[in-house]
Number of protein chains: 2
Amino acid sequence: MKEAKHIAIVGATGAVGEEMLACLDQRAFPISELTLLASARSAGKTISFQGKDIIVKELTHNSFDGVDIALFAAGGSTSLEFAPSAAKAGATVIDNSSAYRMDDEVPLIVPEINPEAAQQASKGIIANPNCTTIISLMALFPLHKKYGLKSIIASSYQAVSGSGAQGIAELKQQCEAIAKGEEIVSEVYPTQIAFNVIPQVDVFQPDHYTKEELKMLNESRKILNLPELKVTCTCVRVPVYRSHSVSITAAFENEPSVEEARGIFANYPGVDAKDDPSNNLFPTPLDTTLKDDCLVGRIRKDKVIDKALALWVVGDQVRKGAALNAVQIAEIL
Amino acid sequence: MKEAKHIAIVGATGAVGEEMLACLDQRAFPISELTLLASARSAGKTISFQGKDIIVKELTHNSFDGVDIALFAAGGSTSLEFAPSAAKAGATVIDNSSAYRMDDEVPLIVPEINPEAAQQASKGIIANPNCTTIISLMALFPLHKKYGLKSIIASSYQAVSGSGAQGIAELKQQCEAIAKGEEIVSEVYPTQIAFNVIPQVDVFQPDHYTKEELKMLNESRKILNLPELKVTCTCVRVPVYRSHSVSITAAFENEPSVEEARGIFANYPGVDAKDDPSNNLFPTPLDTTLKDDCLVGRIRKDKVIDKALALWVVGDQVRKGAALNAVQIAEIL
């Protein structure tokens, strides 16, 4: 029997925080006590969990007494300010923000890929990777084990849930405004997202890539322990609510096989193949909505690069891309 | 002064046919007579053009007496059946379908790229290329002239207008059904397109690529006269009404420069750069809606392939992807 833990969720009222609660419940995570934390603005709200009403408390540096595992889902600045306090109080922090991901003393973990890295959490902090990176690597890691991954060229189709509850609300509001012939307001995104796609996710960096695109490069290298891995990524926001899709050309050391790849996915945890062109089968974002597993389809030989496959991977951004992965890390501990 | 021509439009009541009329009008194409043709179902409708009401006639093999240029925008089977009759009657056919594109005796033309090919229309038929191919090559041809194109890896974000008026209607109806909580009907697409993306455009071929993806390969080779060009393409339908976007990694013989590429686009007809990361400038599909020019942004060094650029090109599918390009071919004649 597993020992029940005192769990804290920071950012419990956000989209990812809510999903973390759903994952803890569905996976019957053994909980001795549940502390829900948020900013002063959201403190005082009541959240129902397994039949009990829990009052959300204001996050302070003294919020973590007796907490075993603190799941942070409240943005980078909150993590930078409060994660050290949680760790100092003896909690293991699992941080969904990008704040600590590239810190050498902080493991960056996808439980199906590098669970052993959890042993190296010398700061008491473990980082949850970027959502597009997790979903892409769920497809690429099983292939890497077989063929040896050399490079990734990826174009993403990212859901608005990646911008949190306000991204979801903005897409919904814009669609309503268009239906009513009213003026469209863009606050979360730099321009209209309804019936449009936006080739910019996160801020631009000096090399003209966005921060999101460089996360695919840097986080993939760290998670896979492949410091020489080459990655070109173009991250694009699309008017989809909560599953990300990624179109990938992946090159390998050894010649990959399409048939074999399908079998590899069918036998790997957390990912499955939905790939049968003769029966028009391929995965779309709606197929993985509210689902744990990522789905891979459109697997075929790349026509430009030798020993490469083209493929299409889809996963629920809020779940495997964030909350589920964090709860799975908590399960390792 | 240009000699006025007798123009026929086959499929005059469809999305592309309507746009052809708009292009002829806006570009003040010299027209002596205008014959509008459609199936028996649409015959008898009245279309207003430059202040005159024109009755749509039923398309028959005898519809082309005295016609100088016949613009076909009614699908492959109609073109296969009626284009030879039009050519036999002395008209030059400009066909928007894929029926004749790979025929060695039929030139495949993007007027900014290979206008000289119009001389080789030995059958009296000229083909208008695939929309995604036209838009991609509008970005790639000016770079090819400078650096020598070797390969293309592309992922598309294709608007529903590519499926004609019924694609546009299906997206609209699905959004309305979702807003009302009603059941969603998918007839044009294999699954829901509203708030979803579908990684399948046109039918699957034996190599697991779709016909649309192989058009990018085969048509690019023919238009650019580069029989060795390598192309991997993943074509994806997105819930956007009428501009296609394409995320491209293009490799060249010679080392390309990001700054130089921007200048090349700024000075080339039919395409422009909208690319300034420091000011958050990049093109989205809404930027080219109802516009003639394609826009290129996100230009940067590719991180996987040597001598390669990553870039993002956007163009109005109905206009430059179909109707405008056809009318521009007519202007060459």
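**Entry 1: helix H2 of chain B.** I looked up helix H2 of chain B, residues 76-88, and found that H2(B) lies across E1, E6, E7 and E8 of chain B. H2(B) runs at about 175 degrees to E6(B). Helices (H or I, at least four residues) and strands (E, at least two) are DSSP runs, numbered from the N terminus. Axes are lines fitted to C-alpha atoms, for helices over the stretch in contact; angles run from 0 to 180 degrees between N-to-C directions. Contact means heavy atoms within 4.5 Å.

**Entry 2: ground rules.** The model is predicted: local features need pLDDT of at least 70, side-chain atom pairs count only at pLDDT 80 or more, and totals for chains, interfaces and linings use all residues. Residues are numbered from 1 along each chain as its sequence is written, chains are lettered from A and ligands numbered from 1 in the order in which they are written, and side-chain values use heavy atoms, with hydrogens and water left out.

**Entry 3: the sheet.** I asked in which order the strands of the open sheet of chain B stand. The order is E5-E2-E1-E6-E7-E8, six strands with parallel pairing. Two strands pair if DSSP finds at least two bridges between them. E5 (57-58) and E8 (125-127) of chain B are at the edges with a single partner strand each, so one side of each has no neighbour in the sheet.

**Entry 4: strand pairs.** I went through the pairs. E6 (residues 69-72) and E7 (residues 92-95) of chain B run parallel, joined by four bridges. Phe72(B) has Asp95(B) as its bridge partner in E7(B). Helix H1 of chain B, residues 15-26, packs on the sheet and touches E1 (5-10), E2 (31-38) and E6 of chain B. The direction of H1(B) makes about 155 degrees with that of E1(B).

Six bridges join the parallel strands E1(B) and E2(B). The chain passes from E1(B) through H1(B) to E2(B) in a right-handed β-α-β crossover (with the strands pointing away from the viewer, the path from the first strand over the helix to the second runs clockwise). E2(B) and E5(B) pair over two bridges, also in the parallel sense.

**Entry 5: domains of chain A.** I moved to chain A, which is divided into domain 1 (5-128 + 323-332) and domain 2 (132-317). These bounds come from an automatic or database domain assignment. The domain centres, taken over C-alpha atoms, are 25 Å apart. How many salt bridges count between domain 1 and domain 2 of chain A? There are three (a side-chain nitrogen of Lys or Arg within 4 Å of a carboxyl oxygen of Asp or Glu).
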